[in-house]
Amino acid sequence: MERKPLVLIVEDEKEIAKFIDLELQAEAYDTVVSYDGVTGLSKFRELNPDLVVLDLMLPVLDGLEVARRIRKTSNTPIIILTAKDSVDDKVTGLDSGADDYLVKPFSIEELLARVRAHLRRVNPAVTGEVRVADLVMNLDGREAFRDGRRIELSAKEFELLELFARNPGKVFNRFEIEEKVWPEYTGGSNVVDVYVGYLRRKLETQGERRLIHTVRGVGYVLREE
Amino acid sequence: MWDTSCAKSDGAPVTLRLRLTLFYGAFFALVVSFVAVSVYLLTERSLTASLEERARQALSDLSSGAVLEGLRKLPGDAYYEILIVGQGDQVPSDASAVRAGVPYVEPSRFRPNPTDESLVAQLSDAQLTELLDTGSMAAGVTLPSGEHLRVLGDVGRLSFPAQEIALSAAVFVGVPATNVAATVEQLAQDLGLTVVAAFVVFAIGVFLLSRQVLRPLERVTQAAGRVTGRDLAQRVPVPKSRDEIYELAVTLNHMLDRLEESFETQRRFTADASHELRTPVTAIAGHANYLVRRTRPSAEQVDSLTVIRREAERMGKLVADLLELARADAGFAIDTAPMNLVEVLEAVHMEIAPVAGGVEIAVDTPGPVVEVEGDAARLKQVALNLVQNAVNAGARHVRLSVEREREGVRLEVLDDGPGIPDTAIPHLFDRFYRVDGARSGRGNGSGLGLAIVKWIVQQHGGRVEVTSRHGEGTVFTVLLPGVGARLDPARTGSVDDGSPRPSRPKLPGV
């Protein structure tokens, strides 16, 4: 029988740690709980878990530092939990090497879904995933990552990117795209151009290479150049 | 939030300026008029005196008998008249005797009068009687030719040593006063004009200078006007000179320091309290959730746990809303990018339709794309809050409609609920405000939804308005700038007072 994935929970609020622990066990994960940063870090080194759920405000060693130190030696997914939710905190959290970010009060269903998604990402044998170049799309979790960076996409943006990513190298004309992604509207709008613009912006925020290219007079194509 | 509209009053300094100008001007006019009148009177008196002095000298020469001597001293334009009224020291007592006196004509006639007019003919009996009684007189006389004279009279003796006779005579000398009168009149005119001109120049000067004086005050007012609840960091400029305005600015700044401090304390308290509440709320909801989902509670326990979970979630929402507003108070700006409002509305529809309890929700758009410059998550919150409000109020149909307009994008949320009373409309966007009746009740809103809507819309450079008719429904209108455009900043953030519009709100499904 396959080994159950091991999740390390580092959370100083015992009541929160407790129900996360219970929920993850109910989802058939093995869990380890620690209540401060130093213990959390030594547990990580000792047990080498598959995923870390990390609170940001921890005694002794704070969550950002724990994430940074884990990231030095390992690619294990880290999901940060925090009571702060300003943009700066989010950016700092993700910069420190965390893969994802949930703000308290969070819904447990969302945490479980993110845990599933990140475990799948580490283990590509699990289906429901499309990879093109450095783009990874998790179709069940409706999430996209470029070079490990999570990209926030709206529903339509995700659908459009999925269409391209499932057919790399195929040139789509605007009519085809509209029919597939916006079946509820009859043609004649510039919706495709607008959304390709949105996708390019979101996929290239770090100055990455262009993935979706314009084919003059025809439409668009996703390919690596 | 603070109302900054009344803080800006350009009128006050100008009024003070006008008052200063009028006050100083009036005082100045009073002083200058006094000086002018004094100059006038002094000049008139001194001119008249010098005129009389010359005449009196000649008169005393004439009446002392040195006729030729006297005539020589007489100015060329002066008149004289000598009437012999008696022998020796005889002096008549009757004025008519003077008139009947024999004119003494100087034999050589080397000194004629300028004209042949008689002085005595112009004098009244009373004046002549005064002459006879007191031995002298002085009067102003106008000749038939129109010439003004100052006439002095004397009774004296003419002695002619050669003939050994002495005669008593009434001697008159008239010096032209026309020059003096004209000079004095000219002086009065000149002085009057000078006074008026000085007043005007002074008033203009005061008006201009007072602006100089009041400018620091104006700067203080302007700076104070820029201080708002959002931006308490602004300070009033403190002038270098340690004057009254310095005192005012320092006092104002002290006040602002204290205000900013207490505002910041309050904001931080809200933020800290919200943060601190998040952890227990998360734990409560999480454990209740766990019990419902993962254990086998009885039906009664499920009911009870559901209440715990729902209330914890509501509290979580309230905490999130409070934090959002604490951020708004801290002057937090939101990031915007071009985005499709239609997709946001569709997402709101998908999210809320299953839990709307049979309320029909429709989305009405002109096509698949209506772009705005915005923050998708926050605009979704705007639409969600407005739709949730309508559902909570008891609407049966809610329609979300979006339209492109010349100046941007118009998003309307129309419902056929009971409507909002007119008295409630001005407070609708206040924090924790709840409309009495249908909208309060058990509603699961935090009372912060519309305050957040207003803040988000303002941060987008848009505005939100509400129109409602009792028993017919309510329309919330959100106007957002289109891509690459901002609404007229002067109107940004205004909340419509909800006064009835001529057109009826279009209600869905009615």
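Chain B contains ten helices and twelve strands, where helices (H or I, at least four residues) and strands (E, at least two) are DSSP runs numbered from the N terminus. The model is predicted: local features need pLDDT of at least 70, side-chain atom pairs count only at pLDDT 80 or more, and totals for chains, interfaces and linings use all residues. Residues are numbered from 1 along each chain as its sequence is written, while chains are lettered from A and ligands numbered from 1 in the order in which they are written.

Of the 510 residues in chain B, 29% are buried; a buried residue has 20 or more other C-beta atoms within 10 Å of its own, with C-beta atoms placed from the backbone. Among the contacts in chain B with a separation of 6 or more, 69% join residues 24 or more positions apart, a contact being two residues whose C-beta atoms, placed from the backbone, lie within 7 Å.

Helix α10 (residues 449-459) of chain B is largely enclosed by the rest of the structure, because nine of its eleven residues are buried. The buried residues include B:Leu450, B:Lys454 and B:Trp455. The elements against which the buried residues of α10(B) pack are tabulated below.

| Element of chain B | Residues |
|---|---|
| α7 | 299-329 |
| α9 | 376-393 |
| β11 | 463-469 |
| β12 | 473-480 |

After α10(B) comes B:Gly461, with a positive phi near 75 degrees.

Chains A and B each give 21 residues to their contact. On the side of chain A that touches chain B, two or more residues come from each of α1 (14-26), α6 (155-166) and α8 (191-203) of chain A. The largest share, six residues, belongs to α1(A).

Conventions
A residue is buried if 20 or more other C-beta atoms lie within 10 Å of its own, exposed if 12 or fewer, and partly exposed in between; C-beta atoms are placed from the backbone.
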